[in-house]
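This report is a guided reading for someone meeting the structure for the first time. Please keep the sequence and the model in view while reading.

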Amino acid sequence: MKDLINQIEDIGCKVSPNYPMKKYTWLRVGGDADFVVEPNSNDEFISLLNVLSKSNVPWVVLGEGSNTIVYDKGISGVVISTKKLKKVEIIEETKVLAESGAILGAILNKTIKAGLTGFEFAAGIPGTVGGGIFMNAGANNGEIKDVVDTVWIWLDGKEISIKRSEINFEYRKSNLPEGSVVTKALFNLKHGESNKSEQNVKEYMTKRNSTQPIKMSNTGSIFKNLPDIAAGQLIEELGLKGFSIGGAQFSDLHANFIVNTGHAKASDVLELIEKAKNEALSKRGIKLETEVRVIGNKEK
Ligand SMILES: Cc1cc2nc3c(=O)[nH]c(=O)nc-3n(C[C@H](O)[C@H](O)[C@H](O)COP(=O)(O)OP(=O)(O)OC[C@H]3O[C@@H](n4cnc5c(N)ncnc54)[C@H](O)[C@@H]3O)c2cc1C
C-alpha cells in the first residue's frame, strides 16, 4: 500500500488518509475511507486511474457525494474525488465542455450569463458532471441526456469519446460500459434569453424549496418513482411519512427524502430503506428500487 501511495503522490495528487465520509457525502453519515485522493487535472485523473487499475486495491470515483450513502464501516481502498476537476468552457458559441467534477449549478449559471438555454433542468441538483451523467440526473422536465453531445470516458487504460447516440440513457441510469469513468463531457445548448431562463430557474427553485427538506442533510430522492405512482406518495400511503429510526427520518415535508435529524448512522438510514421496501412489497405488491447508491463495507 505504501508503494502505491508513493506512486499516487508522485503523480501530484493530494492523498488524505482515514477520511471521514460523513464529511464528504450530503447525508452526513458513514465511516472513514482508507484514502481520499484528489487529482488536480484531467491528466492526473487519467494517470491515477491507470495506476489504481493496475493495483489490487479497490477504488471508486465520487463527485459531490450527493447521491451516495457510505456504510458505517467505511470504505476499504481509495475514493477518487473529482472535486478539483471543475473546468467549464463555452466553445463554438453554444457548446459547453466541462470536466467531470464541474458542478451542474455552476454550468447553469455560466450558460445563462452567456445567453444560452438548455441547462435549466439542473436547477437545484447539487451534483457534478460525472455523477450527473452516470445517474442521468434530471428535474424540471429535463434530464442531462437531453443536452449531452459527447461523453469522454476512461476505460481499460484509455480515454475514449462516446457520442450521445451510442449511450443508452434511461430514467436515472446511463448504461455506460461497466468499469468506465466519466472524464469530461460536451453539452449542446441553444441561444436563449437570459431573463427568461433566470425566471424559469427562480420558479423551479421556489417550488423545490417549498416541497423538499432543503434545510436538513439529505441525499435527494431515495427511491425511483414508479410508472403508476410517485415513490413519495407510496411511502406516504404506507404511513411512513415522518417515521424515524435513530437519527434518520422520512421527511415530513417530502416522504421520498430521508433526512439526518442530527446524529444518524448509515444503519438507521438503511433500516428505513428496508422498512419501506418490505412494506411496499407486502402491502402493495410493489418493488421499490433505490435511486441512491450505497457503497463501502457492508455491515455483517
Ligand atoms: C438536495 C438534493 C437534491 C437532489 N435533487 C435531484 C434531482 O432533482 N434530480 C436528480 O436526478 N438527482 C437529484 N439529487 C441526487 C444527486 O444530486 C444526483 O444524482 C447527482 O447527479 C449526483 O452527482 P454527484 O456528483 O453528487 O454524484 P456522487 O454521489 O458523487 O456519485 C453518484 C454515483 O455516480 C458515480 N460517479 C460519480 N462521478 C463519476 C464519474 N466521474 N464517472 C463515473 N461514475 C461517477 C459514483 O461512483 C456513484 O455511483 C439530489 C440530491 C440532493 C442532496
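## Residue classes and the model

In the class counts used here, Ala, Val, Leu, Ile, Met, Phe, Trp, Tyr, Cys and Pro count as nonpolar, Asp, Glu, Lys and Arg count as charged, and the others, Gly among them, count as polar. The model itself is predicted.

## The shell around the ligand

By these classes, the shell around the ligand holds 17 polar residues, along with twelve nonpolar and two charged residues. In total, 31 residues surround the ligand, and the closest of them are Gly63, Gly127, Gly130, Gly131 and Gly220.

Which helix or strand gives the most to this shell? It is helix H5, which contributes five residues. Helix H5 (129-135) is also listed with S3, strand S9 (138-139) and strand S13 (181-188), each of which supplies at least two residues of the shell around the ligand.

## Overall build

The protein chain contains eight helices and 19 strands. Its radius of gyration is 20 Å, close to the 19 Å that the globule rule gives for 300 residues, so the protein chain is as compact as a globular protein of that length. Along its principal axes, the C-alpha trace of the protein chain spans about 55 × 50 × 30 Å.

## Domains and their contact

The domain assignment divides the protein chain into domain 1 (2-81), domain 2 (88-198) and domain 3 (214-295). Taken over C-alpha atoms, the centres of domain 1 and domain 3 are separated by 28 Å, and the contact takes 14 residues from domain 1 and 14 residues from domain 3.

On the side of domain 1 that touches domain 3, the largest share comes from strand S4 (residues 68-70), which provides three residues. Sorted by class, that side of domain 1 has eight nonpolar, four polar and two charged residues.

How do S1 and strand S2 run where they are joined, parallel or antiparallel? S1 and strand S2 (residues 32-38) run antiparallel, and six bridges join them. Within this part of the sheet, Tyr19 stands opposite Ala33 in S2.

Key
Residues numbered from 1 in each chain as written. Predicted model: local features only at pLDDT ≥ 70, side-chain atom pairs only at ≥ 80, totals over all residues. Domains from an automatic or database assignment. Contact = placed C-beta atoms within 7 Å. Helix = DSSP H or I, 4+ residues; strand = E, 2+ residues; numbered from the N terminus. Pairing = 2+ DSSP bridges. Near = placed C-beta within 6 Å. Rg over C-alpha atoms; globule rule 2.2 N^0.38 Å.
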